[in-house]
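Please open the model in your viewer and keep the sequence panel beside it. The stops below go from the whole chain to single residues.

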Amino acid sequence: PPSFRTGTGTSVILMAIEPVDAIILAGGAGSRIMPVLGETPKVLAPIHDEPFLKYLVRYLADSAVVRKVIIAAGYQADQIVNYCDQNPMQLPIAFSIETSPLGTGGALINALPEATGETVLVVNGDSYVDLDLAEMVAFHTANSADATLAAVQVEDARASGTLALDENRIIAFAEKTEDTGPGWINAGLYIFERVGLENFSSGSSSLERDIMPRLIEGNVQACKTNRPFIDIGTPGNYARTEEFFREF
(Lines give C-alpha, C1' and ligand atoms only; values in the text may rest on other atoms or scores of the structure.)
Protein backbone atom coordinates (compact mmCIF):
# COMPACT_ATOMS: atom_id res chain seq x y z
CA PRO A 1 0.00 0.00 0.00
CA PRO A 2 1.08 3.64 -0.38
CA SER A 3 2.62 5.17 2.73
CA PHE A 4 2.43 8.57 4.34
CA ARG A 5 4.76 10.29 6.82
CA THR A 6 3.02 12.15 9.59
CA GLY A 7 4.39 14.03 12.59
CA THR A 8 6.58 17.00 13.43
CA GLY A 9 10.19 17.45 14.39
CA THR A 10 11.87 14.15 15.19
CA SER A 11 8.57 12.39 15.80
CA VAL A 12 7.73 10.95 12.38
CA ILE A 13 5.56 7.89 11.85
CA LEU A 14 5.42 5.96 8.58
CA MET A 15 1.79 4.88 8.09
CA ALA A 16 0.65 2.33 5.52
CA ILE A 17 -2.37 3.52 3.56
CA GLU A 18 -4.75 0.78 2.45
CA PRO A 19 -6.44 1.58 -0.90
CA VAL A 20 -10.12 2.52 -0.73
CA ASP A 21 -13.05 2.72 -3.13
CA ALA A 22 -14.44 6.17 -3.95
CA ILE A 23 -18.08 7.10 -4.53
CA ILE A 24 -18.76 10.19 -6.65
CA LEU A 25 -22.17 11.71 -5.87
CA ALA A 26 -23.43 12.77 -9.30
CA GLY A 27 -27.20 12.31 -9.13
CA GLY A 28 -28.49 15.86 -8.70
CA ALA A 29 -30.23 17.81 -11.46
CA GLY A 30 -28.27 21.00 -10.71
CA SER A 31 -31.14 23.46 -10.92
CA ARG A 32 -28.92 26.49 -10.18
CA ILE A 33 -26.62 25.84 -13.12
CA MET A 34 -29.20 24.35 -15.48
CA PRO A 35 -29.60 27.68 -17.38
CA VAL A 36 -25.93 27.30 -18.39
CA LEU A 37 -25.62 23.54 -18.88
CA GLY A 38 -29.11 22.70 -20.12
CA GLU A 39 -29.63 18.93 -19.87
CA THR A 40 -25.93 18.17 -19.35
CA PRO A 41 -25.36 16.77 -15.83
CA LYS A 42 -22.97 18.82 -13.68
CA VAL A 43 -20.36 16.09 -13.56
CA LEU A 44 -20.05 16.33 -17.38
CA ALA A 45 -19.77 20.13 -17.39
CA PRO A 46 -17.05 20.95 -19.96
CA ILE A 47 -13.82 22.54 -18.71
CA HIS A 48 -10.95 23.02 -21.16
CA ASP A 49 -12.75 20.57 -23.52
CA GLU A 50 -12.88 17.84 -20.86
CA PRO A 51 -15.78 17.05 -18.53
CA PHE A 52 -15.46 17.83 -14.84
CA LEU A 53 -15.67 14.07 -14.20
CA LYS A 54 -12.32 13.57 -15.93
CA TYR A 55 -10.67 16.01 -13.50
CA LEU A 56 -12.19 14.22 -10.50
CA VAL A 57 -11.13 10.74 -11.65
CA ARG A 58 -7.63 11.99 -12.51
CA TYR A 59 -7.36 13.50 -9.01
CA LEU A 60 -8.46 10.23 -7.41
CA ALA A 61 -6.09 8.17 -9.56
CA ASP A 62 -3.11 10.44 -8.89
CA SER A 63 -3.65 10.01 -5.13
CA ALA A 64 -2.55 6.35 -5.37
CA VAL A 65 -4.98 5.48 -2.55
CA VAL A 66 -8.13 4.87 -4.65
CA ARG A 67 -8.57 1.52 -6.35
CA LYS A 68 -12.06 1.91 -7.89
CA VAL A 69 -14.66 4.62 -8.53
CA ILE A 70 -18.42 4.16 -8.13
CA ILE A 71 -20.47 6.89 -9.78
CA ALA A 72 -23.82 7.43 -8.04
CA ALA A 73 -25.83 8.80 -10.97
CA GLY A 74 -29.44 9.88 -11.33
CA TYR A 75 -30.27 12.88 -13.51
CA GLN A 76 -29.27 12.12 -17.11
CA ALA A 77 -27.44 9.00 -15.92
CA ASP A 78 -27.36 7.60 -19.46
CA GLN A 79 -25.13 10.50 -20.55
CA ILE A 80 -22.64 9.70 -17.79
CA VAL A 81 -22.64 5.96 -18.54
CA ASN A 82 -22.20 6.59 -22.27
CA TYR A 83 -19.30 8.95 -21.68
CA CYS A 84 -17.48 6.43 -19.49
CA ASP A 85 -18.15 3.62 -21.99
CA GLN A 86 -16.62 5.65 -24.81
CA ASN A 87 -13.71 7.27 -22.99
CA PRO A 88 -10.99 5.39 -21.10
CA MET A 89 -10.59 6.35 -17.44
CA GLN A 90 -7.58 6.06 -15.16
CA LEU A 91 -9.47 3.88 -12.67
CA PRO A 92 -12.07 1.10 -12.93
CA ILE A 93 -15.59 2.58 -13.01
CA ALA A 94 -18.81 1.10 -11.62
CA PHE A 95 -22.27 2.67 -11.41
CA SER A 96 -25.08 3.00 -8.89
CA ILE A 97 -28.13 4.31 -10.74
CA GLU A 98 -31.05 6.02 -8.96
CA THR A 99 -34.48 5.21 -10.37
CA SER A 100 -35.89 8.19 -8.44
CA PRO A 101 -34.12 11.13 -6.75
CA LEU A 102 -32.47 10.00 -3.51
CA GLY A 103 -30.57 13.09 -2.42
CA THR A 104 -26.91 12.94 -1.42
CA GLY A 105 -27.55 10.74 1.62
CA GLY A 106 -29.75 8.20 -0.10
CA ALA A 107 -27.38 8.07 -3.07
CA LEU A 108 -24.46 7.22 -0.77
CA ILE A 109 -26.35 4.43 1.04
CA ASN A 110 -27.63 3.09 -2.30
CA ALA A 111 -24.08 2.98 -3.71
CA LEU A 112 -22.44 1.30 -0.69
CA PRO A 113 -23.04 -2.29 -1.90
CA GLU A 114 -20.86 -1.52 -4.94
CA ALA A 115 -17.92 -0.58 -2.67
CA THR A 116 -15.59 -3.00 -0.93
CA GLY A 117 -13.67 -2.55 2.29
CA GLU A 118 -14.61 -1.02 5.62
CA THR A 119 -13.53 2.51 4.68
CA VAL A 120 -14.99 4.46 1.76
CA LEU A 121 -14.14 7.82 0.24
CA VAL A 122 -17.02 10.03 -0.93
CA VAL A 123 -16.69 12.96 -3.34
CA ASN A 124 -19.30 15.53 -4.35
CA GLY A 125 -19.65 15.49 -8.12
CA ASP A 126 -19.71 19.30 -8.33
CA SER A 127 -16.78 20.35 -6.15
CA TYR A 128 -13.00 19.99 -6.14
CA VAL A 129 -10.45 20.52 -3.38
CA ASP A 130 -6.75 19.99 -4.05
CA LEU A 131 -6.12 18.07 -0.83
CA ASP A 132 -3.57 15.24 -0.58
CA LEU A 133 -5.85 12.21 -0.16
CA ALA A 134 -3.11 10.10 1.42
CA GLU A 135 -2.78 12.82 4.05
CA MET A 136 -6.53 12.82 4.65
CA VAL A 137 -6.74 9.03 4.96
CA ALA A 138 -3.79 9.03 7.37
CA PHE A 139 -5.46 11.80 9.41
CA HIS A 140 -8.71 9.78 9.52
CA THR A 141 -6.88 6.64 10.64
CA ALA A 142 -4.68 8.38 13.21
CA ASN A 143 -7.76 9.92 14.86
CA SER A 144 -9.77 6.66 14.84
CA ALA A 145 -12.58 8.70 13.28
CA ASP A 146 -16.06 7.42 12.46
CA ALA A 147 -16.03 9.91 9.59
CA THR A 148 -13.79 12.71 8.35
CA LEU A 149 -14.57 15.58 6.01
CA ALA A 150 -12.30 18.06 4.30
CA ALA A 151 -12.78 21.60 5.59
CA VAL A 152 -11.67 24.81 3.91
CA GLN A 153 -11.68 28.29 5.43
CA VAL A 154 -13.50 31.01 3.49
CA GLU A 155 -13.97 34.73 4.07
CA ASP A 156 -17.69 34.65 3.28
CA ALA A 157 -19.63 31.55 4.31
CA ARG A 158 -23.11 32.95 3.73
CA ALA A 159 -23.73 30.59 0.81
CA SER A 160 -22.51 27.52 2.65
CA GLY A 161 -23.04 27.51 6.39
CA THR A 162 -20.15 26.70 8.68
CA LEU A 163 -18.69 23.92 10.79
CA ALA A 164 -18.58 24.36 14.56
CA LEU A 165 -15.30 22.80 15.71
CA ASP A 166 -13.64 21.77 18.94
CA GLU A 167 -10.07 21.78 17.59
CA ASN A 168 -10.55 19.28 14.72
CA ARG A 169 -13.67 17.53 15.98
CA ILE A 170 -16.96 18.62 14.41
CA ILE A 171 -19.57 19.37 17.06
CA ALA A 172 -22.28 21.05 14.97
CA PHE A 173 -23.29 22.22 11.50
CA ALA A 174 -24.39 25.86 11.48
CA GLU A 175 -27.02 26.79 8.90
CA LYS A 176 -26.17 29.56 6.42
CA THR A 177 -27.51 33.01 7.31
CA GLU A 178 -27.06 36.53 6.01
CA ASP A 179 -25.03 37.29 9.16
CA THR A 180 -22.51 34.51 8.54
CA GLY A 181 -18.97 35.82 8.04
CA PRO A 182 -15.71 33.88 7.63
CA GLY A 183 -15.54 30.28 8.76
CA TRP A 184 -14.69 26.67 8.02
CA ILE A 185 -16.97 25.02 5.46
CA ASN A 186 -17.52 21.53 4.11
CA ALA A 187 -15.44 21.00 0.95
CA GLY A 188 -17.50 18.04 -0.29
CA LEU A 189 -14.84 15.36 0.35
CA TYR A 190 -15.51 12.68 2.99
CA ILE A 191 -14.18 9.46 4.47
CA PHE A 192 -16.66 7.10 6.16
CA GLU A 193 -16.41 3.87 8.07
CA ARG A 194 -19.01 1.52 6.65
CA VAL A 195 -20.20 0.42 10.09
CA GLY A 196 -21.31 3.99 10.87
CA LEU A 197 -23.65 4.01 7.86
CA GLU A 198 -25.39 0.70 8.49
CA ASN A 199 -28.35 2.18 10.37
CA PHE A 200 -29.34 4.60 7.59
CA SER A 201 -32.01 3.65 5.05
CA SER A 202 -31.59 3.92 1.30
CA GLY A 203 -34.58 6.24 0.99
CA SER A 204 -34.28 9.89 0.02
CA SER A 205 -32.12 11.88 2.46
CA SER A 206 -29.46 14.56 2.64
CA LEU A 207 -25.89 13.72 3.57
CA GLU A 208 -25.42 17.20 5.02
CA ARG A 209 -28.74 17.56 6.88
CA ASP A 210 -29.70 13.99 7.80
CA ILE A 211 -26.63 11.76 8.01
CA MET A 212 -23.75 13.96 9.18
CA PRO A 213 -25.64 15.57 12.10
CA ARG A 214 -26.34 12.08 13.50
CA LEU A 215 -22.78 10.90 12.99
CA ILE A 216 -21.27 13.80 14.95
CA GLU A 217 -22.65 12.21 18.11
CA GLY A 218 -19.56 10.03 17.67
CA ASN A 219 -16.12 11.05 16.44
CA VAL A 220 -16.31 13.08 13.22
CA GLN A 221 -13.15 14.97 12.34
CA ALA A 222 -12.44 17.96 10.10
CA CYS A 223 -9.29 17.62 8.02
CA LYS A 224 -8.47 21.30 7.59
CA THR A 225 -6.76 22.52 4.44
CA ASN A 226 -5.85 25.79 2.78
CA ARG A 227 -5.55 24.18 -0.65
CA PRO A 228 -7.59 25.55 -3.61
CA PHE A 229 -11.30 24.72 -3.58
CA ILE A 230 -14.18 25.32 -5.99
CA ASP A 231 -17.87 24.40 -6.18
CA ILE A 232 -19.03 24.51 -9.81
CA GLY A 233 -22.73 24.39 -8.93
CA THR A 234 -23.52 28.04 -9.70
CA PRO A 235 -23.09 29.96 -12.97
CA GLY A 236 -20.65 32.38 -11.32
CA ASN A 237 -18.39 29.67 -9.95
CA TYR A 238 -18.58 27.62 -13.13
CA ALA A 239 -17.49 30.67 -15.14
CA ARG A 240 -14.18 30.76 -13.27
CA THR A 241 -13.52 27.01 -13.30
CA GLU A 242 -11.17 27.10 -16.28
CA GLU A 243 -9.05 29.74 -14.57
CA PHE A 244 -9.11 27.66 -11.37
CA PHE A 245 -7.62 24.61 -13.09
CA ARG A 246 -5.24 26.68 -15.21
CA GLU A 247 -3.51 27.76 -11.98
CA PHE A 248 -2.40 24.20 -11.15
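Begin with the whole protein selected: its radius of gyration, taken over C-alpha atoms, is 17 Å, which agrees with the value near 18 Å that a compact globule of 248 residues would have, the globule rule being 2.2 Å times the number of residues to the power 0.38. This is a predicted model, in which local features need pLDDT of at least 70 and side-chain atom pairs count only at pLDDT 80 or more, while totals for chains, interfaces and linings use all residues. Residues are numbered from 1 along each chain as its sequence is written, and side-chain values use heavy atoms, with hydrogens and water left out.

Now select Ile24, Leu53, Leu60, Val66, Leu121, Tyr128 and Leu189, which touch the most other members of the 54-residue largest nonpolar core (buried Ala, Val, Leu, Ile, Met, Phe, Trp, Tyr and Cys residues joined through side-chain atoms within 4.5 Å, buried meaning under 20% relative accessible area with a 1.4 Å probe, protein chains only). Helix α2, residues 52-62, gives the most to this core, with 7 residues. A second, separate core of 29 residues includes Ile70, Ala151, Leu215 and Val220.

Centre on Leu60, which, neighbours within four places in sequence aside, is in contact (heavy atoms within 4.5 Å) with Ala22, Ile24, Val66, Val69, Leu91, Leu121, Val123 and Leu133.

Note on methods: Buried means under 20% relative accessible area, exposed over 50%, partly exposed in between (1.4 Å probe, protein chains only). Helices (H or I, at least four residues) and strands (E, at least two) are DSSP runs, numbered from the N terminus.
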